[in-house]
Amino acid sequence: MGLVAGLPVGALMQLQGMLEDPGGAARVLVYATLIGAAIGVVITQRAHGLAEAASGGALLGLLGWMLFSLTVDPLLHGTVPTWSVTAAATAYRSLIGDVLQGSLAGAALFWFRSRRRPAAPAPTAPPPVRVVIVGGGFGGVTAARRFERLALRRIPVDVTVISNSNFLLFTPMLAEVASSALEPAHISTPVRTAAAHTRFRHGAVADVDTDARAVRVDDEWVPYDHLVLAVGSVPRFLDLPGVQDNALTMKDLGDATRLREHVIELLERTDHLEPDPGERRRLLTFVVAGGGFAGTETVAELFDLVYGVLHLYPGIGPDEPRFVLVHSRDHILPELSPALGDYARDRLEARGIEFRLGARVGSASPHGVELDDGTRISTATFVWTAGNGPSPFVARLGGEHARNGALVTDATFRVVGLDRVWAIGDCAQIPDTDSGGAPFPPTAQHALRQGKVVAENIAAVLAGREPAAFRFRTIGVLVALGHRTAAAEIRGTRFSGFAAWLLWRGIYLAKLPGTEKRLRVLSDWLLDLVFPRDIVVTTATREPAGHPVDGNVR
């Protein structure tokens, strides 16, 4: 092909008077043959298109010009090559021919070979593995984000997240929403932005067919190859009479907003509408059941909310509000060391919060709660944080279940008794192999890391490898106690007071998903330092029993 391309180029050069030497035409043909051979070896073996072959031939023509016209040709004429600008200018006309001949030779060779050998069919990529994640909490969203990173390594997965809420809720700050210290939208991030490259389906999964490998959402079946369950937990009322019907809970944004507006409505009513002393005591008594993180933070934040806005209600005396925390153990915050638990109790008691330790709620009514020791507390605000359990959704699935209804998994998150079904977070009982098989605690820091590992384990299975057992040691625990105090234990080191409060806010601010949310929460905290908390009631809340409010007042 070099000779074929060299003939028209040589003829054109002869016509233009560029070959003054009688032997120049012969040299051009010899040179063209050699360049064509080089192009055949180098270009056509690597070129993937006609343009690439032609440009590669032109480059070889340029190199050939430097080799022959600037080096070999002077030697043939008995002179020493100088490779100077003058020498290059003298051989400039042959440069045009060499580059043109190389381009034509490369294009001709590529065309000829493509005609002789049919193009190999493009390899067909295997269909992506369909992974469905049910749940848009910490575990589910973290798993989706990890799959997005794994996709960059060309792992063929098609991931769909299904959740009945379209946002990821940062639950550690939920109590501050109830106390009006934070705006609800500021601690929630849309799933579509948290996992921007993942399919999202807003809806509740009504059924799962593990044999056909499909989940049903809004009467539509969504197929899967691997199913990840991260549906979290729900409040458990332990079948106590009246508790479910009369208690407020603290599991989501709706709960926190409802509690906030319920408390503010009670303040509005008591300020000027309730003359009866007994009823005023009932309306201004706030009872929280459960002395864990949620209950302790809730009672502390409610205290801050009421006393933070009490100056706006001159009809309510500072000694009228009453706060009671009911806990079944002899000390609160069992997740912390006893010393920090005692510190938290002392600080809250110093503000006037009462503790009923070693007692349980036995029943509840619209007028109050009764403890298992017979004590009756008249209240219009009863918050239940004393029990949580796996979502009822998992109870409808096969496989092995723990006593609390959670799905039992192995150390790699595979549900025992179900094929290609994985479970993480609060809905799963995952054995800690480093602690003799005891289940991991249902905390956000565990769910975050479980989401990452379950994605890596599914990728390992797809690659034919064994999934890895989940291993993680709790980094630390933090609890806010209101009034700019907190308690924390990080890797065995204890913090308390204002320093722990700064630590609490700094760590959780850093863990909020997205810079925008961090700035919004930081702005709310700064405003809370100088302005009173918002007391606007924007939605209708339930009425305390026996005291309907006139529509004009609402």
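**View 1. Asp-239 lies in the loop between strand 10 (233-235) and helix 9 (243-246).**
This view, like the others, comes from a predicted model. Find the end of strand 10, then follow the loop toward helix 9 to reach Asp-239. Is Asp-239 buried or exposed? Asp-239 has a relative accessible area of 80%. The cut-off for exposed is over 50%, so Asp-239 is exposed. Now look at the backbone. Phi of Asp-239 is near 60 degrees, which is a positive value. Most residues other than glycine have a negative phi. Asp-239 is a residue other than glycine, yet its phi is positive.

**View 2. Phe-413 sits in the loop between strand 20 (407-408) and strand 21 (421-423).**
Here is another positive phi in a residue other than glycine: the value for Phe-413 is near 85 degrees. Is Phe-413 buried or exposed? Its relative accessible area is 0%. Buried means under 20%, so Phe-413 counts as buried.

**View 3. Helix 10 (residues 253-272) packs with helix 12 (residues 293-309).**
The two axes are 11 Å apart, and the angle is about 40 degrees. Why is helix 10 called oblique to helix 12? Angles under 35 degrees count as roughly parallel, and 65 to 115 as roughly perpendicular. An angle of about 40 degrees therefore makes helix 10 oblique to helix 12. The crossing of these helices is right-handed. Which residues meet? Helix 10 brings Leu-259, Val-263 and Leu-267. Helix 12 brings Thr-298, Leu-302, Leu-305, Val-306 and Val-309. Sort the residues of this contact by type: seven are nonpolar, one is polar and none is charged.

**View 4. Helix 6 (residues 138-151) crosses helix 14 (residues 444-462) at roughly 40 degrees.**
The axes of helix 6 and helix 14 come within 7 Å. Helix 6 and helix 14 are therefore oblique to each other. What is the hand of the crossing? Helix 6 passes helix 14 in a right-handed crossing. On the helix 6 side, the contact is made by Phe-138, Gly-139, Thr-142, Ala-143, Arg-146, Phe-147 and Leu-150. On the helix 14 side, the residues are Ala-444, Ala-447, Leu-448, Gly-451, Lys-452, Val-454, Ala-455, Glu-456, Ile-458 and Ala-459. How many residues of each type take part? The contact of helix 6 with helix 14 has eleven nonpolar, three polar and three charged residues.

**View 5. Thr-142 is a residue of helix 6 that touches Leu-448, Gly-451 and Lys-452.**
This list leaves out residues up to four places away in sequence. Is Thr-142 buried or exposed? Its relative accessibility is 16%. The cut-off for buried is under 20%, so Thr-142 counts as buried.

**View 6. Helix 15 (residues 498-511) and helix 16 (residues 515-530) cross at roughly 150 degrees.**
Their axes come within 9 Å. Angles over 145 degrees count as roughly antiparallel. Helix 15 and helix 16 are therefore roughly antiparallel to each other. Their crossing is right-handed. Which residues make the contact? In helix 15 they are Trp-504, Arg-505, Leu-509 and Ala-510. In helix 16 they are Arg-518, Val-521, Leu-522 and Trp-525. Six residues of this contact are nonpolar, none is polar and two are charged.

**View 7. Asp-524, in helix 16, contacts residues that include Leu-182.**
Asp-524 and Leu-182 are 342 residues apart along the chain. How many Å separate their C-alpha atoms? The separation is 5.8 Å. Setting aside neighbours within four places in sequence, Asp-524 is in contact with Ala-181, Leu-182, Glu-183 and His-186. Asp-524 has a relative accessible area of 11%. That value is under the 20% cut-off, so Asp-524 is buried.

**View 8. The protein chain has 16 helices and 27 strands.**
Step back to the whole chain. How much of it is buried? Of its 554 residues, 47% count as buried. The chain exposes about 27100 Å², and carbon and sulfur atoms supply 57% of that area. Now take contacts between residues at least 6 apart in sequence: 67% of them join residues at least 24 apart.

How values were computed
Residues are numbered from 1 along each chain as its sequence is written. This is a predicted model: local features need pLDDT of at least 70, side-chain atom pairs count only at pLDDT 80 or more; totals for chains, interfaces and linings use all residues. Side-chain values use heavy atoms; hydrogens and water are left out. Axes are lines fitted to C-alpha atoms, for helices over the stretch in contact, and angles run from 0 to 180 degrees between N-to-C directions. Helices (H or I, at least four residues) and strands (E, at least two) are DSSP runs, numbered from the N terminus. A crossing is left-handed if the near helix is turned anticlockwise from the far one by less than a right angle, and right-handed if clockwise. Contact means heavy atoms within 4.5 Å. Ala, Val, Leu, Ile, Met, Phe, Trp, Tyr, Cys and Pro count as nonpolar, Asp, Glu, Lys and Arg as charged, and the others, Gly among them, as polar. Buried means under 20% relative accessible area, exposed over 50%, partly exposed in between (1.4 Å probe, protein chains only). Accessible areas come from the Shrake-Rupley method with a 1.4 Å probe; for residues, only the protein chains shown count as cover.
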